[in-house]
Amino acid sequence: MDEKDEIGKLLEEYQKQRTQHKTNEGIRKVEQLIDFAAPEPPKPLAKEEPKPAATPEPEPEPIDEPTGELEPIAPPMPLQTQEISPQELLPSQDEEKKPEKVKKEKPDYSKKFKEYVTGKSFKRALIAVVAVVAVICLAFGISSAVSNSKSSYLKSYESKYGFSFPDGMLKEYCDYYGENRNTSGFIKIGDLALETPVFAEGKKAFPYVKSCREDCDLANYIVYLDTNELEQYYNSAEAYNNAEQYISYSNLFSNFSYKVISAFYTNTKPEDDNGYVFPYATPETMTEDSASTFVTDLQTRFLYSTGDSFSRKDRLLIISCPTDFRKDFEFVLVCKLTDATDRSTAKDNDADRIHFPQAVFDDSGKDNPYKLAHGWYPEIVTIVEKNENGEDVTKPLQLTKEDYE
């Protein structure tokens with residue numbers, strides 16, 4: 001083989017290697033850019049600095065060819081390829097479309113308020129509110145007007161008598177109070193055609209009402225008369241059945257109606273009943289047990305039975321009168337607060353079973369079935385203080401013989 005043939009083969013081999021090298025290089029670049037296994041396009045990659053272009057392989061030194069017929073063959077110029085980075089093939093971050101966020105519109109409260117105010121539901125609610133306010137104002141106005149009307153007449157009496165009158169005092173009693181400020185009540189007894197003011201205890205005037213302790217609530221009115229005329233109307237069942245049976249009493253602020261349920265006799269001196277005086281004159285509220293005992297003791301003393309119910313819950317008017325039945329005795333009429341107007345028919349109780357004071361049994365020479373009875377004294381309810389809710393804090397107080405002397 002001559003030199004030309006050898007040079008030709010060398011050049012041909014060189015061209016093949018050169019071509020193969022560039023083909024492989026291109027395939028590698030494409031493989032870097034495309035991931036054939038990925039089902040979806042790859043996520044954007046962080047931008048990297050472009051890689052420097054590959055340095056072309058050094059070309060072999062040209063072979064000096066012998067001069068002659070053949071011209072020396074210059075080696076082919078290397079192909080100028082532009083290196084493309086993967087980032088350049090993919091869309092840039094600026095060009096990549098970002099999903100647009102859906103902006104939530106802020107509710108227009110002013111618009112909604114206007115719609116509500118101009119709507120029917122608001123008008124209905126407004127009408128309802130106005131109606132309620134109007135009713136409250138009307139009720140308050142009526143209450144104030146009634147209250148003022150009830151008290152307005154007092155001004156004329158205050159001008160007439162020159163001093164203040166208690167609020168709420170009924171007009172029909174103002175002149176009685178103006179003439180005597182010790183007036184505490186007013187009583188009407190049809191049987192006696194008696195209508196008279198009742199005075200405070202201790203003023204040496206009749207009739208008078210026993211005062212209640214300041215630390216207790218009043219339950220019963222105890223009125224003392226200075227006449228024995230009432231006795232003849234209620235000292236027996238026959239007399240009761242022919243009597244009025246009702247008595248009116250007022251504390252000057254309210255009027256009450258009481259029905260007579262019976263009567264009894266009692267001593268005023270301890271020596272007439274084995275050292276005991278029955279303490280019926282108790283205006284204060286009693287404890288439940290004490291009130292029950294009081295009712296039982298009264299029933300054993302009653303001269304007759306009217307058939308009317310009688311319990312510890314009843315509010316009483318007790319009227320004490322002088323009597324000729326026996327010296328230093330009292331005739332006591334017991335009435336209970338009621339709204340009823342019906343009449344009752346009474347029956348006399350067995351005289352031998354009535355609880356009279358010991359002196360009565362001594363006069364008759366009969367044995368006293370109650371001589372061993374205990375000497376009962378009431379236990380009353382006192383108000384100690386007010387709690388944080390404004391309610392009464394109460395405490396029982398046992399009264400004794402000394403409290404009635």
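The legends below describe close-up views of a predicted model.

**View 1**

**View 1. The buried and exposed residues of helix H9.**
The buried residues of H9 are Ser290, Ala291, Phe294, Val295, Asp297, Leu298 and Arg301. Seen down the helix axis, these buried residues fall within an arc of 165°, so they line one face of H9. On the other side of the helix, Glu288 and Asp289 are exposed. The packing partners of the buried residues are four strands, namely E6 (255–267), E8 (316–322), E9 (329–337) and E11 (379–386).

**View 2. Thr285 in the loop between E6 and H9.**
Thr285 belongs to the loop that lies between strand E6 and helix H9. Although Thr285 and Cys212 are 73 residues apart along the chain, their C-alpha atoms are separated by 9.4 Å. When residues up to four places away in sequence are not counted, Thr285 touches Asp217, Leu218 and Ala219, and also Ile380 and Val381.

**View 3. Thr183 in strand E1.**
Strand E1 runs over residues 183–189, and Thr183 is part of this strand. Thr183 has a relative accessibility of 4%, and because buried means under 20%, this residue counts as buried. Its side chain reaches the backbone oxygen of Asn180 at 2.7 Å. With neighbours within four places in sequence left aside, Thr183 is in contact with Tyr176, Tyr177, Pro197, Val198, Phe199 and Leu252.

**View 4. The largest nonpolar core and Leu333.**
In soluble globular proteins, nonpolar side chains tend to be buried together. The largest nonpolar core of this model has 34 residues, and among these Ile319 and Leu333 touch the most other members. At least two residues of this core come from each of the strands E1, E4 (221–224), E5 (246–250), E6, E8 and E9, and likewise from each of the helices H8 (237–241) and H10 (358–364). Leaving aside neighbours within four places in sequence, Leu333 is in contact with Leu230, Tyr234, Ile247, Val260, Ser262, Ala263, Leu317, Ile318 and Ile319.

Notes. Residues are numbered from 1 along each chain as its sequence is written. This is a predicted model: local features need pLDDT of at least 70, side-chain atom pairs count only at pLDDT 80 or more; totals for chains, interfaces and linings use all residues. Side-chain values use heavy atoms; hydrogens and water are left out. Buried means under 20% relative accessible area, exposed over 50%, partly exposed in between (1.4 Å probe, protein chains only). The arc is that of the directions from the helix axis to the C-beta atoms. Contact means heavy atoms within 4.5 Å. A polar contact is a pair of N or O atoms within 3.5 Å; within protein, one must be able to donate a hydrogen and the other to accept it, and residues adjacent in sequence count only if both atoms are side-chain atoms. A nonpolar core is a set of buried Ala, Val, Leu, Ile, Met, Phe, Trp, Tyr and Cys residues joined through side-chain atoms within 4.5 Å.
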